[in-house]
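Visitor: I'd like a close look at just one part of this protein. Please pick a piece and walk me through it slowly, step by step.

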Amino acid sequence: MSSISAIPDAEGLYTGLLAGVKALLRPETKLVGITSGGAWLVERLQKDLGLPGAPGVISSAMHRDDFARRGLSASAQTSLPFDVNGTDVLLLDDVLYTGRTIRAVLNELFDFGRPACVRLAVLVDRGGRELPVAADFAATTLTLPDTQLLALARADDGSFSLKVEESK
């Protein structure tokens, strides 16, 4: 794999994500963002789509298979301001990579109840799956070397950008 020549424009990708999420919405759909990038996305999507109430935020921290190494994240903890039972849940995340975060989030979600349906929309699908996880919608797909991490950043004005860092 070679590294990407240019980092995609996160604001442009957000426009695509907005359209993709709009197409996935059902009358009973509740948006849930995965901390932290997905939580930022879902906050803005909830507003831009004019959806009532507050979106959900979910953390993978307590169900990570690498919890001993990573510890408890300083990011927001799970907040689901609706009954999960029988709900159509649309999970949002910034980057889909190995699938391990999604596995952990599903475990966390089911601690709160049994949704009718769980779907996934992401800003970027970078491949490299270790688990059989696929997004229902991805604003873009790109390839990065395993030595690089891709993450969403949010500026003080709420605008998004993507950053690539070498993994440790």
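Guide: Let's start with a word we'll need: a helix here is a DSSP run of H or I with at least four residues, and helices are numbered from the N terminus. Keep in mind that what you see is a predicted model. The protein has four helices and seven strands, and along the sequence they follow the pattern α-β-α-β-α-β-α-β-β-β-β. Our piece is helix 4, residues 100–111.

Helix 4 has twelve residues, and at 1.5 Å a residue they should span 16 Å; the end C-alpha atoms are 17 Å apart, which agrees.

Now, which residues of helix 4 are buried? The cut-off for buried is under 20% relative accessible area. Ile-102, Ala-104, Val-105, Glu-108 and Leu-109 are the buried ones in helix 4. They take up an arc of only 160° around the axis, so they sit on the same side of helix 4. Here's the background: an α-helix has 3.6 residues a turn, so residues three or four places apart point the same way.

And what do those buried residues pack against? They meet four strands: strand 1 (29–34), strand 2 (56–58), strand 3 (88–96) and strand 4 (117–125).

Next, step off the end of the helix. After helix 4 you come to Gly-113, and its phi is positive, near 150°.

Gly-127 is partly exposed, with a relative accessible area of 23%. Leaving out residues up to four places away in sequence, Gly-127 touches Leu-96, Tyr-97 and Leu-142. Thr-143 is 16 residues away from Gly-127 in sequence, but the two are 6.5 Å apart in space, C-alpha to C-alpha.

Terms used
Residues are numbered from 1 along each chain as its sequence is written. This is a predicted model: local features need pLDDT of at least 70, side-chain atom pairs count only at pLDDT 80 or more; totals for chains, interfaces and linings use all residues. Side-chain values use heavy atoms; hydrogens and water are left out. Helices (H or I, at least four residues) and strands (E, at least two) are DSSP runs, numbered from the N terminus. The expected span of a helix is 1.5 Å times one less than its number of residues. Buried means under 20% relative accessible area, exposed over 50%, partly exposed in between (1.4 Å probe, protein chains only). The arc is that of the directions from the helix axis to the C-beta atoms. Contact means heavy atoms within 4.5 Å.
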